[in-house]
Amino acid sequence: MRIKVLLELIGCEVELIHFSILKERTAFSSYDLVAVAHGVPVAIASLLVAEVSSEHVLLLAPKVENSEQLSSFSELNRLVPNAIVIYPFFANKEISTLLESVLELGSDSVLQLPTVLLVDHIPERLEKIANSLLGAHIKTITANSIRSAVSQAQGHNIDLLLSDFSLPDGSGIEVFVTLKAHYPQCRCLLFTSKPNQVSMIEAIRQGVEDVLVKPINENMLLQSVHKLWQTELLKRHNIELVERLQDTVDALIEKDSLLRVIYKHTPDAIMLFERNGEVIEANDACSKLFRLSAKELQVCSIFTLLDGTSAAKIKEKVATLNQNRQFSCDVYLPMEGGDGIPLVGSFNEIDHHGEIALAVIFKNVTHLKHKEDLLLEAKDMLEEQVRARTSQLEHAKNVAEAANHSKSEFLANMSHELRTPMHSILSFARFGLDKLSKGEIAVEKLQKYLSRIECSGERLLSLLNNLLDLSKLDVGKFPFNPRPHNLNNIIKTSIDDVSGTAMEKEINIRFLPPKSPLIIDCDEEQINQLLRNILGNALKFSEPHSCIEVVLTNQQEQAIIEVIDSGIGIPDDELEHVFTKFVQSSKTNNGAGGTGLGLALCREFVALHDGEISAHNNSLGGTTIRINFPLEGKSFG
């Protein structure tokens with residue numbers, strides 16, 4: 001029994017089993033320590049040691065004077081030779097140290113032990129009891145009188161008082177009363193040789209827990225101390241639990257109050273309802289949303305408050321709740337005399353007084369729907385802009401491809417146009433040099449060769465001049481010197497410049513001027529070059545013996561020049577493009593050739609004068625080039 005008490009004092013859970021009730025199926029491996037007392041049959045003990053390591057087996061030896069028990073214990077010791085043996089003469093301190101060593105308990109593993117004040121006027125008995133307590137690792141303070149006890153207790157938190165009933169200067173009850181004034185939780189154990197001397201009523205009234213009869217049995221003392229201390233620990237633990245429970249209750253009440261305040265005053269509408277839709281309760285925001293009081297809401301159903309589609313959607317979700325026991329869905333609240341309110345509901349299954357219910361938080365998403373509509377509208381506008389931009393890019397791509405195609409045609413035509421005069425120049429130069437080397441110096445031949453060289457050179461020079469003019473126009477460096485000029489005279493000069501070509505093809509150029517002169521601000525040289533290019537094209541594509549008319553009129557403050565021929569004409573779908581760089585009419589491109597720069601230069605010259613130029617097919621089968629100049633145009637100065 002002493003081993004059981006010491007194990008309990010160091011915090012072990014001890015199970016006391018008689019060997020007669022042991023069964024083979026008992027799982028002894030779950031125990032950290034097995035103590036086998038003398039007298040247990042070896043056959044029964046063998047069942048224990050088969051499952052427990054010998055290092056965790058204690059053998060309790062009998063007293064020396066019992067020879068029969070010693071003989072039986074020897075067999076038990078041979079069965080477990082490495083077991084730790086505890087003999088009856090071991091002091092409590094030695095046994096406690098062995099137990100801690102076997103169980104490998106550190107200082108943190110030992111349970112809290114009491115602080116004991118031991119009071120006895122007999123020194124031998126005082127020392128013996130103190131050694132028993134100290135052997136069990138119990139802190140013990142000794143005193144031999146009431147005065148000494150009060151003095152020794154100062155500075156210590158006394159948990160238990162062990163006192164002799166009769167003391168030289170009073171009784172143990174007086175010591176207990178004095179200590180309780182300073183240590184209210186202190187418990188008392190009295191011992192006496194004459195139990196009848198102890199007034200049990202007075203002892204119980206003062207709170208004395210137990211009375212032991214002298215002489216004091218060491219095991220009984222430790223058991224009583226253990227019992228008192230366990231009772232005190234349980235009391236303290238219960239007090240601590242009550243305090244913690246009260247703190248928890250207070251915290252729950254405070255939290256519940258806070259949640260009720262939040263629930264009541266939150267701006268989001270919150271509603272509790274049963275699975276059949278009947279409303280249990282709702283907060284102020286919910287009443288405001290549905291425009292009903294709290295009492296009116298409690299007699300409603302959520303399925304009737306919302307529209308039919310929303311109600312069907314919620315019923316379906318409630319009937320098929322997933323493991324998360326929550327869901328969200330869009331619902332719609334119809335309103336009288338106006339548009340309804342779109343809502344988003346977050347639903348959660350809850351336990352309401354033991355019944356399954358649901359809580360929902362409604363959020364008004366009207367502004368989000370409005371933003372969504374705006375986003376859809378912006379998306380449509382953006383898609384339209386993308387389509388328009390794509391169309392523009394496709395048009396730009398087509399224009400670029402057309403320009404690239406025109407450039408390729410221009411390079412092909414230009415190489416041909418440049419090669420032809422250069423070839424003519426080189427050929428007639430070689431002919432002349434060959435004649436000179438042979439001594440054949442016929443003047444007529446040389447004149448013919450030089451005339452051909454001069455003609456080809458002028459053609460080549462004209463091509464280069466057109467390229468240079470176009471390049472200057474592109475970079476804005478072409479000379480432009482507008483002055484007041486008589487447009488009649490400029491036209492006559494241009495006709496005279498091309499008269500030689502007209503005579504060669506026997507084409508008549510007829511000028512039809514207005515009755516009065518037309519004076520405009522213009523660059524005479526540019527207008528002259530412009531008309532020469534147009535007249536040159538008309539002569540190039542007109543049949544011999546035909547007629548070209550140049551008509552000058554004044555219409556609505558504009559000078560209009562029309563060059564009318566009866567040549568091959570221009571396809572209707574190419575009338576606008578013939579003024580583009582490097583572009584020629586499909587008819588002229590396959591006929592008389594050219595670079596496609598002449599009319600492009602003409603358009604640039606007209607643009608410098610803030611005018612307009614256009615091409616039209618006429619009733620003669622040829623082309624009419626119309627040029628408009630403002631009579632009072634922008635100031636060029």
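**Definitions and model.** Two strands count as paired where DSSP finds at least two bridges between them; helices (H or I, at least four residues) and strands (E, at least two) are DSSP runs numbered from the N terminus. The model is predicted, with local features requiring pLDDT of at least 70 and side-chain atom pairs pLDDT 80 or more, whereas totals for chains, interfaces and linings use all residues. Residues are numbered from 1 along each chain as its sequence is written, and side-chain values use heavy atoms, without hydrogens or water.

View A. Strand 17 and strand 19 run parallel and are joined by five bridges. Within this pair, Leu512 is placed opposite Val551 of strand 19.

View B. Strand 19 (residues 547-555) and strand 20 (residues 558-564) run antiparallel and are joined by seven bridges. Glu549 has Ile564 of strand 20 as its bridge partner, and Asn554 stands opposite Ala559 of strand 20. Two residues lie between the strands of this hairpin, in which Gln556 adopts a positive phi near 50 degrees.

View C. Six bridges connect strand 11 (residues 269-274) with strand 15 (residues 355-364), and the two run antiparallel. Among the residues of this pair, Ala269 has Phe362 of strand 15 as its bridge partner.

View D. Glu240, Glu243, Asp247, Asp250 and Glu254 make up a negative surface patch; Glu243 belongs to helix 9 (residues 218-265). A nonpolar surface patch consists of Leu245, Val249 and Ile253, which together expose about 270 Å² of accessible area (Shrake-Rupley method, 1.4 Å probe, only the protein chains shown counting as cover for residues). Ile253 is likewise placed in helix 9. Patch members have over 30% relative accessible area and no salt bridge, like charges being joined within 9 Å and nonpolar side chains within 5 Å.

**View E. Backbone geometry in two loops.** A cis peptide bond leads from Lys214 to Pro215, with omega near 0 degrees. Pro215 is located in the loop between strand 10 (208-213) and helix 9. Glu506 is not a glycine, yet its phi is positive, at about 55 degrees. The loop that holds Glu506 lies between helix 17 (499-504) and strand 17.

**View F. The salt bridge of Asp164 and Arg125.** The structure contains 19 salt bridges (a side-chain nitrogen of Lys or Arg within 4 Å of a carboxyl oxygen of Asp or Glu). One of them links Asp164 to Arg125, with 3.0 Å between the closest N and O atoms. Asp164 is part of strand 6 (residues 160-164) and Arg125 part of helix 5 (residues 123-135), so the pair ties together parts that are 39 residues apart in sequence.

Key
Lys and Arg count as positive and Asp and Glu as negative; His and the chain ends are not counted. The place of a charge is taken as NZ of Lys, CZ of Arg, CG of Asp or CD of Glu.
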